[in-house]
Each structure stands twice: as C-alpha cells, then as structure tokens.
Amino acid sequence: MPGKRYGYFDNKAKEYCITRPDTPIPWINYLGCQDYLGLISNTAGGYSFYRDACLRRLLRYHYNAIPKDNPGRYIYVCDGKKTWNPSFKPVKTKLDDYKCRHGLGYSVIEGALDGLRVSTTYFVPIDINAEIWSLTIKNEGRKSKDVDLFSYAEFCLYNAVDDSTNFQRNWNIAEMEIEGSAIFHKTEYRERRNHYVGFWCSEKIAGFDTMRDVFLGKLNDYGSPDVIKNRKAANSVAHSWQPVGSHQVKLSLKPGQTKRLHFVLGYIENPQDEKFVSPGVINKKRFYDMIAGLKTSAQIDKEFKKLKKFWADALSNYQVTIDNEHVDRMVNIWNQYQCMVTFNLSRSASSFETGMSRGLGFRDSNQDILGFVHIVPQRAKQRIIDLASTQNHDGSCYHQYQPLTKKGNDAVGTGFSDDPLWLIVSTSAYIKETGDWTILDAPAGYQDVPGSDKNTTLMDHLHLSMKHVLELRGSHGLPLIQHADWNDCLNLNCFSKNPGESFQISGDIEGGKAESVMVAQLFIYSAKELNAILEHLGQKDKVKEYTRQADEMRSAILKNGWDGKWFIRAYDHFEKPIGSKVCDEGKIFIETQGWGVMAEIGIEDGKAIAALDSAWQYLGDTNGMVLNQPAYTYYRDHLGEITSYPPGYKENASIFCHNNTWVVIGETIVGRGDKAWDLYTRICPSTKEDKADTYKCEPYCFAQTISGHDSPLPGEAKNSWLTGTASWSFTALAQYILGIRPEHDGLRVDPCIPPDWKKFTITRKFRGATYNIKVSNPDGVMKGVKKMLVNGKQTPGNIVPIFKEGSTVKVEVLLGNSK
Ligand code: GLC
Ligand code: GLC
C-alpha cells in the first residue's frame with residue numbers, strides 16, 4: 001500500500017510542492033548561487049552565510065536541538081485573536097491552508113487562516129549579497145482586517161563555532177544600530193571586522209526589537225514570544241547577549257485587497273578607511289545603495305525574473321523529453337540543480353553538515369565537477385586549478401582545503417591514495433565538455449613550493465598524479481592505500497584504539513603495507529583519460545608509457561585482485577585480502593565491482609559480467625546495493641572506521657548511493673540497460689514519495705546513504721543534498737543510460753536503456769551549438785546504434801562531430817542490432 005505523501009512534483013513550475021508542514025524531517029532547499037548562500041526548510045527554518053558557513057555565518061541556527069530546525073526566517077501574523085505563521089512553525093496554529101514550494105534557488109511558503117493569506121517568496125538575487133523575503137498578503141474574507149506582522153531573524157556573531165561555544169566572550173559583544181526601518185547587526189565591527197548586516201523593511205514600521213530575551217520574554221520559546229502576545233514591539237536595543245532583528249508592520253486590508261511588502265537582509269563589506277561616518281557609527285552608504293535597487297515590488301520582481309532566467313539557462317544545456325516521470329524530474333530539474341548546489345556548498349552546510357568543520361574535499365570537489373561542468377564551465381576551470389594548487393611537489397594532495405584561503409588543511413594533511421587521480425578525471429571532463437585545451441597550460445603551483453606557479457602548469461600536475469600513485473605500490477603490485485582510498489573508512493594502516501581520535505589519520509602510515517584494488521582500477525581509468533588528452537597533443541611516447549603502466553596494473557589486478565567471481569577490495573597491512581571469499585565478514589565490496597568494469601577489466605572474458613552479477617546476488621537490496629556483505633559485526637582496528645559503524649549504516653553495509661552509480665555505469669558498459677535502470681530507480685529519491693515515512697529525506701535530491709537490510713530500521717535515508725551521489729548519478733543517467741557523452745572530437749550518442757523505452761529526445765548544448773537528438777528504439781534493444789543521421793546525412797559510428805558555435809544540429813539515432 002502506498003504510504004502517506006507530503007507533496008508532489010510540479011515539473012511545469014520546476015518546483016516541489018510540499019503540502020503538509022510535518023514532513024518526516026525538515027525538507028530543505030538552498031538560496032543563493034554564488035557568495036551569499038543559505039538554506040531554508042519547509043517550515044522556514046534555516047540560516048545564511050557569506051561564502052564560508054563557519055567564518056561568515058549571518059543567521060543563527062541550532063543544530064541537534066529540540067524542537068528541531070530552529071530558528072528561521074519567521075513571519076508572525078496577528079489577525080483578530082489569532083497568532084500564526086504562514087510556515088506553520090514556530091507558533092504551530094492550525095492553518096486552513098499551507099504549502100511550501102521549493103524552487104530553483106527560491107522557496108515560497110504560503111499559509112492561510114480565517115480569510116487571510118500570506119505568501120512569502122524567499123530568494124537571493126543574482127549578483128547581490130542579500131536575501132529577500134517578499135510577502136503578498138491578501139484579505140480573502142468579507143470584512144476589513146487590521147493585521148500586525150512581525151519579522152524575525154536571529155543573528156549569528158559571524159564565527160559559527162565561536163558563536164556556539166565561547167559564551168564567556170560572545171555574550172558580551174553584540175552591538176546594533178537602528179535607523180528608520182533598518183536594523184544593523186555590527187558585532188565586532190568596532191575593531192576588526194569590516195562587514196555588517198542590515199535588515200530592512202519596505203514599509204514604515206510600527207516598532208522593532210533587537211534583543212532576543214525581550215522579544216521572547218521569560219520561559220518562552222519561538223512559539224510564544226511576549227512581543228507577539230502583546231502585539232506590540234518593545235523597541236529593544238541589544239547590548240551584548242543575543243541580537244535579533246524584528247520589525248512590526250501594521251496593515252489594514254479591505255475585503256479582497258492584496259498588499260505586497262518585503263524585507264531585505266543584506267551583507268556589506270566596507271573598505272577599512274570608510275568604516276565609520278562618526279566614531280562608532282557604521283557608514284551605511286553601501287547598504288542604502290543596495291536597497292535602492294530593491295525598494296519596489298517591480299524591482300523585486302525583476303530580480304526574481306533574473307533568478308528564474310539564470311536557472312532556466314543553466315538547465316537548458318541538457319534537457320530530455322521522455323515518457324518516464326523519474327528521468328524527467330531528475331534530469332531536467334532536480335539532479336542538475338543538486339549538482340550546482342553541491343558544487344556551491346561542497347560538503348559544508350545542510351541538515352546533516354553544520355558548516356563548522358570540513359573544508360572542500362579534494363576528491364569530492366573533483367568529482368563534483370562531473371555534474372556541473374556543462375552548466376558553468378568557467379567556474380569548473382577555476383576550481384580545478386585551485387585544487388591542483390593544493391598538491392605538493394611529490395604528488396601528494398591535501399585531502400581538504402579552505403575556500404577562503406585556498407590552502408590545504410594541515411589538520412588532515414595528505415595521504416589519501418585516490419586523491420591525485422581524481423584531478424585527471426575532472427580535468428578530462430572539463431576539456432571534453434569545453435574543448436578548452438588552454439587549461440592544461442594554466443599556471444598551478446605546488447602548495448609546498450611557494451612561487452612554483454611561475455613554472456608549473458596543470459599538465460605537470462596530471463603527470464605527477466600518475467607518478468605518485470605508481471611510486472607507492474605494495475607487495476601485490478597494487479597502489480598503497482595509505483590513510484584510505486575513496487572509502488574514507490577503510491583505514492587499513494591506522495589501528496586506532498582511542499576514543500575521540502580520528503580513525504583516518506591516527507597511527508603512522510609510513511611503512512603501512514595495505515593496498516587498494518579500487519585505486520588500481522581508478523589508475524587504469526585515469527590512464528585512459530589522460531592518454532586521450534596526450535593523443536590529442538600528439539605525445540605518442542607518453543601514451544605508450546601510460547598504456548604500459550596501465551597494462552601492468554591490469555595484470556596485477558588479474559593476478560591478485562580477482563577472487564573467482566568478483567574483484568577483491570584491498571589488502572590489509574598483513575597482506576591479507578579484504579572483500580574475498582576467504583574473509584569471515586566483508587567478503588564482497590561494491591566499489592571494485594563498479595570500477596572494475598569502468599576500467600574495462602574482463603569485458604571479453606566474462607569477468608565483468610560475473611562481477612556485476614555477484615554484486616546483485618550478494619549486495620542487492622530493495623533500495624539499491626549495500627556497500628559490503630556480510631556487514632562487519634565488531635570493531636577491528638586493522639580495518640578502521642568501517643567496522644565502527646553498526647551493520648547497515650554508512651560505509652558498513654548501508655546503500656551508499658554514490659558507489660551504486662558506478663555499478664549503474666558498469667551495467668551500461670556491458671550493455672544491460674534493464675539492470676542499469678533498475679539499480680538507478682532503487683536509489684532515486686523521486687521513487688520514494690510513497691515511502692516518505694520510512695525514507696525520511698527529501699524526494700527531490702539524492703541522499704548519501706539509505707540504511708541497509710542489516711539495520712533494524714532499513715530504508716532510512718540520511719545526508720541528503722551534499723554528496724558525491726549528485727554528480728555521479730547525473731553522469732550515470734545523462735551520459736551512460738541516456739548516453740549523451742562529450743568526447744574530445746564530438747558528442748557521443750550511446751544510450752543503454754531498458755528495452756521498453758521506445759523513444760526519447762534530448763536537447764544538448766555543447767561547445768556553443770545546440771544538438772537536437774532524437775533516439776528511437778523500435779526493436780526494443782538495450783544498446784547499440786544501428787544508424788545515425790546528422791542533419792539528414794548518414795554518419796558512421798555514434799559520435800556527432802563538433803559544429804560551429806550558434807548552429808542547430810539535427811541528430812536522428814536508430815537503435816537496433818546492427819547485424
Ligand atoms: C563521504 C566523503 C567522501 C568519501 C565517501 C566514502 O561522502 O565526503 O570523500 O569518498 O564519504 O567514504
Ligand atoms: C566519516 C564518514 C565518511 C566521510 C568522513 C569524512 O568517516 O563515515 O563518509 O567521508 O567521515 O571525514
């Protein structure tokens with residue numbers, strides 16, 4: 001029986017419409033696509049920051065507190081005797097109508113009670129460092145209404161960690177200014193900060209508050225503030241303690257009358273010598289200049305239109321028309337959107353990531369490129385160069401770096417064996433998409449050699465990555481795993497025994513003997529990508545050399561990485577296999593089955609199919625494939641963090657969606673479109689609407705994990721939004737199932753689909769031209785291009801050549817058996 005639904009996809013509007021406030025967990029969306037970023041839940045919970053979720057946090061949020069998801073961007077409505085929020089929370093008065101429409105870069109939260117309807121559109125305009133709360137209030141009743149509205153935003157004291165820990169200091173420092181309908185948060189501005197936040201209302205205000213304790217009153221929470229009970233702002237000015245911003249607006253509405261007003265919360269930086277107009281008083285010119293462009297409803301509408309256009313353009317690079325609702329939602333809207341969000345936020349701020357810890361991951365960021373390079377290639381280019389610049393001259397890569405400083409984090413350091421190779425994968429994707437070969441000559445230095453950017457290019461880094469992995473090999477001829485490989489929790493050299501220490505970087509990996517089969521496979525894959533680049537450059541000798549190295553790696557895998565029916569996962573420090581039939585637990589792992597096929601090992605002799613079949617047989621789960629089986633049931637310090645998780649969770653036998661996509665791709669490589677699609681739908685969030693009470697996370701974005709069948713509570717998703725699953729699931733569906741794949745010399749069309757997909761059409765913008773690709777499959781095959789017409793002319797193979805910028809190309813593809 002289908003379970004309760006909490007909303008529906010509105011594809012036409014490109015929105016997910018949530019129809020009840022009591023979603024299993026807060027279902028969030030993101031605001032902003034450049035520097036000013038924020039998240040917002042369906043009940044208006046959430047926060048904002050400028051560039052860095054830790055060091056420049058603008059609004060406060062309480063993670064892991066009760067009630068959940070507080071505070072937020074609240075609108076309190078006082079109408080007659082009733083007090084309510086259009087977002088339902090925090091007052092929780094039962095509403096006559098409620099909906100939250102999460103769109104691309106904006107959310108509209110609307111509530112109605114007793115004939116009054118209030119709808120707020122929250123968004124961050126393109127190129128403006130501010131968020132807008134734009135309200136439409138309609139009196140749908142028969143009597144005139146006198147309504148009081150109150151806004152509420154709670155300011156974080158900029159450094160999110162300090163804000164939630166260092167109370168002996170920070171309960172003494174808050175400072176505010178109020179001017180007309182604008183409230184200014186200027187904590188620490190008097191000394192070292194040169195930035196402040198202004199919170200402005202388009203209406204003349206009846207009052208304001210900036211002290212949380214005064215606004216709320218004693219013993220109250222956000223659901224029952226004194227100011228709201230009294231229907232009267234107290235005009236409090238915060239000195240120290242917790243600063244907030246609240247405006248009171250009085251409105252009279254005749255029956256049928258609609259009124260619009262808005263709030264702007266803007267972030268401003270002042271040059272050092274322009275900080276003050278008089279001692280202690282902020283120079284607000286820049287803020288008022290910003291507001292000048294956001295004063296009227298017409299201006300707000302114009303900004304909103306720009307935002308919509310930005311997203312329509314962004315998504316227009318890949319659009320499909322197909323008779324399948326999941327493909328439609330994911331490809332055309334949600335998965336592309338999630339890829340952009342994940343690129344913007346990396347792994348910093350979500351319902352699961354507090355924005356206080358991790359920097360940008362080296363491997364994560366490189367993989368993110370795959371999902372959005374077709375949307376904003378320029379930003380991909382910069383990211384690739386930034387990443388390369390955190391590599392050291394010996395080829396080791398910092399595992400993470402800070403976006404503000406662009407320097408690698410010493411706290412985590414280097415020594416994750418897969419990291420260097422991802423740089424090749426992302427660079428290759430960038431060049432295939434854009435044809436911009438100049439990136440290879442872009443200066444990118446080594447982090448440990450200051451000034452080296454003068455004589456080092458990105459190309460040097462790619463060679464160095466290969467060399468580094470090759471140099472560090474173990475007794476089976478496979479790359480040493482060091483701290484870990486893609487699976488951060490396979491810590492085979494770390495032997496952590498003390499609670500609290502990092503599983504991944506404790507211990508001494510010098511002399512660690514453990515090896516990774518996955519990195520060996522990734523090496524072969526990277527060699528192929530790099531060779532395609534070198535061939536283009538005419539560097540035949542280097543191609544030969546990498547081919548030889550890849551062959552050597554392949555032999556090592558065939559000799560020591562094949563277990564009879566599947567690929568072994570790794571060798572531990574004692575040179576014993578992991579992910580082999582000889583193990584008592586963890587006999588088989590998913591990663592090497594996907595990557596083995598992606599590295600094209602055993603395609604001819606049946607090993608590839610056998611590996612995939614074994615994955616289905618031993619790892620299959622209703623929600624995808626679990627990471628390993630049998631799950632580890634006790635902690636083993638020679639295997640590390642993976643064995644720290646209870647069975648069925650995270651890296652220990654959950655469905656870790658990210659690596660499922662590699663098996664999806666593997667299935668398309670061997671031509672089994674039905675199986676590829678089957679696995680894709682199992683992890684696809686849009687198939688979970690009927691199981692929302694179990695699945696819990698948003699149905700419109702992929703999650704990192706779904707608890708596996710070893711868990712007592714299987715099927716629960718966690719860590720939605722910011723995950724490598726975003727880019728890889730888009731790659732799997734767009735490039736391998738639908739099969740439209742950029743290559744150096746054109747656009748490959750190589751679908752691998754379930755036999756009952758009879759036709760689909762794709763519009764793909766590629767290197768400035770628009771390709772309208774019609775695929776038909778009258779014979780019901782899964783793979784194989786029988787005939788291709790390009791602008792009406794039969795063209796051999798399945799690569800559409802590159803056309804001039806601005807041209808429109810008609811491509812007709814007939815699938816079928818060529819014999
Ligand atoms: C997380 C990390 C990623 C890692 C994966 C598997 O998603 O961000 O770097 O590869 O877990 O451990
Ligand atoms: C934990 C997680 C893993 C993640 C890592 C990041 O180990 O299980 O998924 O990659 O933290 O440091």
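In what order do the three strands of the open sheet lie? They go 32-33-34, with antiparallel pairing. Strands here are DSSP runs (E, at least two residues) numbered from the N terminus, and two of them pair if DSSP finds at least two bridges between them. Strand 32 (655-656) and strand 34 (717-720) are the edge strands, each pairing on one side only. Strand 33 covers residues 703-706 and is joined to strand 34 by three bridges. One pairing to look for is Ala-703 with its bridge partner in strand 34, Ser-720.

Before we go on, keep in mind that this is a predicted model, where local features need pLDDT of at least 70, side-chain atom pairs count only at pLDDT 80 or more, and totals for chains, interfaces and linings use all residues. Residues are numbered from 1 along each chain as its sequence is written, and side-chain values use heavy atoms, with hydrogens and water left out.

A cavity is a set of points on a 1 Å grid over the protein atoms alone where a 1.4 Å probe fits but cannot get out, and its lining residues have an atom within 4 Å of a point. Searching the whole structure turns up two cavities of 30 Å³ or more.

The largest has a volume of about 50 Å³, and its lining includes Cys-397, Phe-416, Asp-419 and His-468. By class, that lining has three nonpolar, five polar and one charged residues.

Terms used. Chains lettered and ligands numbered in written order. Helix = DSSP H or I, 4+ residues; strand = E, 2+ residues; numbered from the N terminus. 1 Å grid on protein atoms, 1.4 Å probe; cavity = no way out; pocket = protein on both sides within 12 Å on 5 of 7 lines; lining within 4 Å. Points joined across faces, edges and corners; volume = space filled by probe spheres on them. Nonpolar A, V, L, I, M, F, W, Y, C, P; charged D, E, K, R; others polar.
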